[in-house]
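Student: I have a structure open on my screen and would like to walk through it with you. Could we take it one question at a time?

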Amino acid sequence: MEEKKTWDLISIASIPLVMTLGNSMLIPVLPAIEKELNISSLQVSMIITVYSVVAIILIPIAGYLSDRFGRKAIILPSLIIAGIGGLIAGFASWQAESPYFLIIVGRFLQGVGAAGAFPIVLPLVGDVFQNESEVSKGLGVVETSNTFGKVLSPILGAALATIIWYMPFFAFPVFCLISLIMMIFLVKTPKAKKKPVAFKEFLHSIKKIFKNEGRWLYAIFIIGCICMFVIFGVLFYLSTMLEDEHGIDGIKKGIILAIPLAALCLSSYITGKGIGEEKTKMKWMTVFGLSLLTISVFSISFSKDIYILLTALFASGIGIGIALPSLDALVTEGIKKAQRGTITSIYSSMRFLGVALGPPVFALLMKASHALLFISNTIVCLIAVMIALFAIKPQEGE
């Protein structure tokens, strides 16, 4: 990694870390929120889902705007909006008699901010680094930061909630402020050499990309969605099960939730450093990671033993950690810079869709049976393997 770009990359990588903390910190706190507000498990899952649904809608718009006006011009105000959303949710929890609606409003604003922050990071890495190998390493660091946020989130969220249950809402604006300062002073983006294209011409170029590269792009979008659906759904399930069936809560529960996420973080970092510029390797790493995920989820279907569950989830984390950096690199390096922000934003939007669907779908299936929950998810993971195997053909996207 170029020495002079080290602080740029650290600052850029702080954004996925902060945005992940803003969402995943709440996972271990959801059962406590449910009890404090006297709401249903489906209602409490909406606190995660509304954040993601808003982001899904706005991410493609943010991607286009970043291509037209610059990455930092979109990221900086987005961090401010996200921080304001956290403050609203926190003050509502602290002061309002019935805070649920205002918490949802705050989460809505956090989703708006997330749409203009995290997804723009992927094309920003591609702008800052010129060499494709450096881009792959940079994306690996970004994905590792994202997954490290997932590792840290349950522990930090549970620790903050021991002070008072709504403290994670107040912590988020502080993290946004730190990331904002780093982005302002430490990230230098290259000046655009060409004037932005007209909107009609831009739409035409996007349509052309999907016409020529649609097969592998759609495949990557679907796989990214499935990976995030599984990981957030499983985290929701594990958080609820640990508290309801095993009486484990607080920091201890946060540490247990962090185990599969630690595996995800480590495997993301190693994969990001190892894939280089070889798109064929990216494909087969994706297939391998998804196959490991499928086997792991299937192994949980017939046992509720906590040790089998945690072992399988550890392996699942490794599988997703192998797949995600490979998908990031395929999308970022397979698209020209002029359209990169929009295409990677659509990809991020699909990942947020998975985040949005995971908790409510798992909440509904949990009411049916443990076996149905994990067998159905095994089928979903197997579909992802088949898509990666037959639809991603790197030679077509180069």
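Student: Where is I39 found?
Tutor: Keep in mind that we are looking at a predicted model. Helix α2 covers residues 30-37 and helix α3 covers 41-69. I39 is found in the loop between α2 and α3.

Student: Is I39 buried or exposed?
Tutor: Under 20% relative accessible area means buried, and over 50% means exposed. I39 has a relative accessibility of 12%, so I39 counts as buried.

Student: And N38, is that residue buried or exposed?
Tutor: N38 also has its place in the loop between α2 and α3. The phi angle of N38 is near 55°, a positive value in a residue other than glycine. Its relative accessibility is 71%, so N38 counts as exposed.

Student: Which residues is I39 in contact with, leaving aside its neighbours within four places in sequence?
Tutor: Here we look for heavy atoms within 4.5 Å. With the neighbours within four places left aside, the contacts of I39 are I33, E34, V44 and Y100.

Student: How far apart in space are I39 and L180?
Tutor: Along the sequence, I39 and L180 are 141 residues apart. In space, from C-alpha to C-alpha, I39 and L180 are apart by 34 Å.

Student: Let's move to T49. Which backbone oxygen does the side chain of T49 reach?
Tutor: T49 is found in helix α3 and is buried, with a relative accessible area of 8%. Not counting residues up to four places away in sequence, T49 touches A356 and P360. Its side chain reaches, at 3.0 Å, the backbone oxygen of A356.

Student: What about T294, which backbone oxygen does its side chain reach?
Tutor: T294 has its place in helix α11, which covers residues 279-300. T294 is buried, with a relative accessible area of 9%. Beyond residues up to four places away in sequence, T294 touches T378, C381, L382 and V385. Its side chain reaches, at 2.8 Å, the backbone oxygen of L290.

Student: Which residues is L290 in contact with, leaving aside its neighbours within four places in sequence?
Tutor: L290 is one of the residues with the most contacts inside the largest nonpolar core. With its neighbours within four places left aside, the contacts of L290 are I223, C227, G319, A323, A384, V385 and A388.

Student: How many residues does the largest nonpolar core have?
Tutor: Those with the most contacts inside this core are I12, M19, I33, M183, I223, L290 and I343. The largest share of the core, 23 residues, comes from helix α9, residues 199-246. As a whole, the largest nonpolar core has 120 residues.

Student: Is T20 buried or exposed?
Tutor: T20 is found in helix α1. Not counting residues up to four places away in sequence, T20 touches M25, N146, G149, K150 and S153. Its relative accessible area is 7%, so T20 is buried.

Student: One last stop: how far apart in space are A171 and G83?
Tutor: A171 is found in helix α8, residues 167-186, and is buried, with a relative accessible area of 12%. Not counting residues up to four places away in sequence, A171 touches M25 and L160. A171 and G83 are 88 residues apart in sequence, while in space, C-alpha to C-alpha, they are apart by 9.3 Å.

Notes. Residues are numbered from 1 along each chain as its sequence is written. This is a predicted model: local features need pLDDT of at least 70, side-chain atom pairs count only at pLDDT 80 or more; totals for chains, interfaces and linings use all residues. Side-chain values use heavy atoms; hydrogens and water are left out. Helices (H or I, at least four residues) and strands (E, at least two) are DSSP runs, numbered from the N terminus. Buried means under 20% relative accessible area, exposed over 50%, partly exposed in between (1.4 Å probe, protein chains only). A polar contact is a pair of N or O atoms within 3.5 Å; within protein, one must be able to donate a hydrogen and the other to accept it, and residues adjacent in sequence count only if both atoms are side-chain atoms. A nonpolar core is a set of buried Ala, Val, Leu, Ile, Met, Phe, Trp, Tyr and Cys residues joined through side-chain atoms within 4.5 Å.
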